[in-house]
Amino acid sequence: INFNYNLTTHRFIRSIDMIPLDYIKSPKQIIVNTIYGNSYYKAYEKIFQLTRGYVGRYHFETLVNELYYCADIYMIIEETLKNLYDKLVDINGYIGALHGGIPPIPYPSFKFMSAGAYGYYMGKLRPLLEYDDLKPKVYQMFREIGNTIGFYMDISTLLDIKHCYEFNQLAPFLGIAPDSTINDLSSISNTPIGNVITNLTNNNLYNNAVICTTNNLIDQ
């Protein structure tokens, strides 16, 4: 809500105009012994100073690594999608009103240059800019929608990287080399993981689960 997404640095930076929010107050005194201990507290404090004041890739990498295997990352995405949908529904009424309220504006003469053209449009749109809900409502909704899209973009990139790492680690067990491809299940039957799959599929108790898991691995 109070951050702006910077596409160049992939960071969420605090906005100048802050909306007051009620947060749970953090403890005033930090018990050092419960964190890193006296010996390492100052060292880690120097490291963490580099990532304070913004939210970016470094923080999202931690989020993905901590929540990926327990599937909580997908719950976060689902909840933010619901919030995004609500914002799009709310802003739709404002967009219709603004679209109908913007008068047709002819292009200014090139003699005005950039500063003159800016003042020209400011003068033409001044009645619209005086709309009370423009900044606290419309602009804020656009900011939250853009921040959500930026969050999805960064999370998607990090998940793709994580999937590539997992595939590279799994490839030797599947018998995959850079110049080979897998078209069917029989092509991995002579690999280490293929022998494990063969043994498990002989047991009816695990048969369906193994087939589903193998198909997912091949799809990746």
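Guide: Welcome! Two rings of Phe, Tyr or Trp (its six-membered ring) make an aromatic pair if their centres lie within 6.5 Å; planes under 30 degrees apart are stacked, over 60 edge-to-face, and the rest tilted. This is a predicted model, where local features need pLDDT of at least 70 and side-chain atom pairs pLDDT 80 or more, while totals for chains, interfaces and linings use all residues. Residues are numbered from 1 along each chain as its sequence is written, and side-chain values use heavy atoms, without hydrogens or water.

Visitor: How many aromatic pairs does the structure hold?
Guide: Tyr-5 and Phe-12 form one of them, with 4.8 Å from centre to centre. For the whole structure, the number of aromatic pairs is 7.

Visitor: Are Tyr-5 and Phe-12 buried or exposed?
Guide: The planes of these two rings stand at 55°, a tilted arrangement. By relative accessible area (buried under 20%, exposed over 50%, partly exposed in between, with a 1.4 Å probe and protein chains only), Tyr-5 and Phe-12 are both buried.

Visitor: Why is the pair of Phe-151 and Tyr-152 called tilted?
Guide: Phe-151 and Tyr-152 are buried residues. Their ring centres are 6.0 Å apart, and the pair is tilted because the planes are at 50°.

Visitor: How far apart in space are Ser-156 and Val-64?
Guide: Ser-156 counts as partly exposed because its relative accessibility is 38%. Along the sequence, Ser-156 and Val-64 are separated by 92 residues. In space, their C-alpha to C-alpha distance is 9.9 Å.
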